[in-house]
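Trainee: Could you take me through one part of this model up close, starting at a loop and then working into the packing around it?

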Amino acid sequence: MARRMDYNKVTPEAMNIMMSMDTYIKLTEIDPALIELIKIRVSQVNGCAFYLNLHTAEGRKMGETEQRIYCVSVWEECTFYTEEEKAALELAEHVTMVSNMRVPDSLYNHIRRYYGEKDYADLVFMINQINIWNRLSIAMGNEVNLK
């Protein structure tokens with residue numbers, strides 16, 4: 001599928017808002033490596049090749065291991081993710097698949113063991129932001145090209 005339009009030019013105001021949100025996310029207290037793992041997992045769930053390619057590369061640049069990148073889709077079975085990371089990845093899956101999974105109180109209470117109120121809110125905003133990017137990319141026909 002070819003890219004359908006240059007949405008950066010067609011909707012510059014919307015793109016500025018999206019970029020402002022990305023800037024906000026970078027300023028949060030959430031570990032940048034964890035942010036990349038969450039973006040990878042959400043992009044896997046959504047089937048977004050463009051952002052899966054982008055965020056696996058970003059994770060590597062941050063020093064993330066191949067093992068942790070490859071296994072993030074099966075994080076529950078792996079001992080090399082911390083309990084804090086697992087809680088955030090579980091939240092990412094629930095928020096991404098909210099129509100089927102919801103975010104039950106038990107998950108909220110579990111994640112709050114590791115993250116304060118602001119960090120929880122920042123995680124939810126960040127998860128929603130990568131979901132928006134994934135949906136935009138898929139709808140607009142972004143392609144992954146060999147570099």
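Mentor: Start with Arg102, in the loop that joins helix H7 (98-101) to helix H8 (105-111); helices here are DSSP runs of H or I, at least four residues long, numbered from the N terminus. Keep in mind that this is a predicted model, so local features need pLDDT of at least 70 and side-chain atom pairs count only at pLDDT 80 or more, while totals for chains, interfaces and linings use all residues. Numbering runs from 1 along each chain as its sequence is written, and side-chain values use heavy atoms, with hydrogens and water left out.

Back to Arg102: its phi is near 55 degrees, a positive value, and the residue isn't a glycine. Arg102 counts as exposed because its relative accessible area is 52% (exposed is over 50%, buried under 20%, partly exposed in between, with a 1.4 Å probe and protein chains only).

Now go along to H8, where you'll find Ile111. Ile111 is at 0% relative accessible area, so it counts as buried. What does Ile111 touch once you leave aside its neighbours within four places in sequence? You get Ala87, Ala88, Leu91, Tyr120 and Leu123, where contact means heavy atoms within 4.5 Å. Take Leu91 from that list: Ile111 sits 20 residues away from Leu91 in sequence, and their C-alpha atoms are 7.7 Å apart.

Ala88 is a handy link to the next piece, as Ala88 is also one of the H6 residues that touch H3. Two packed helices are described by the angle between their axes and the distance between those axes. For helix H3 (residues 32-46) against helix H6 (residues 83-96), that's an angle of about 35 degrees, with the axes 10 Å apart; the axes are lines fitted to C-alpha atoms over the stretch in contact, and angles run from 0 to 180 degrees between N-to-C directions. On the H3 side the contact uses Leu34, Leu37, Ile38, Arg41, Val42, Val45 and Asn46, and H6 answers with Glu85, Ala88, Leu89, Ala92, Glu93 and Thr96. Sort that H3-H6 contact by class and you have 8 nonpolar, 2 polar and 3 charged residues.

Asn134 has 0% relative accessibility, which is why it's classed as buried.

Then there's His55, found in helix H4. Apart from its neighbours within four places in sequence, His55 is in contact with Glu36, Lys39, Ile40 and Ile130. Its relative accessible area of 7% means that His55 is buried too.

Finish back on H9, with Met140. At 17% relative accessible area, Met140 falls in the buried class. Which residues does Met140 contact, leaving aside its neighbours within four places in sequence? They are Ala2, Arg3, Arg4, Met5 and Tyr7. Arg4 is worth a look here: Met140 and Arg4 are separated by 136 residues in sequence, yet the gap between their C-alpha atoms is 5.4 Å.

Key
Helices (H or I, at least four residues) and strands (E, at least two) are DSSP runs, numbered from the N terminus. Ala, Val, Leu, Ile, Met, Phe, Trp, Tyr, Cys and Pro count as nonpolar, Asp, Glu, Lys and Arg as charged, and the others, Gly among them, as polar.
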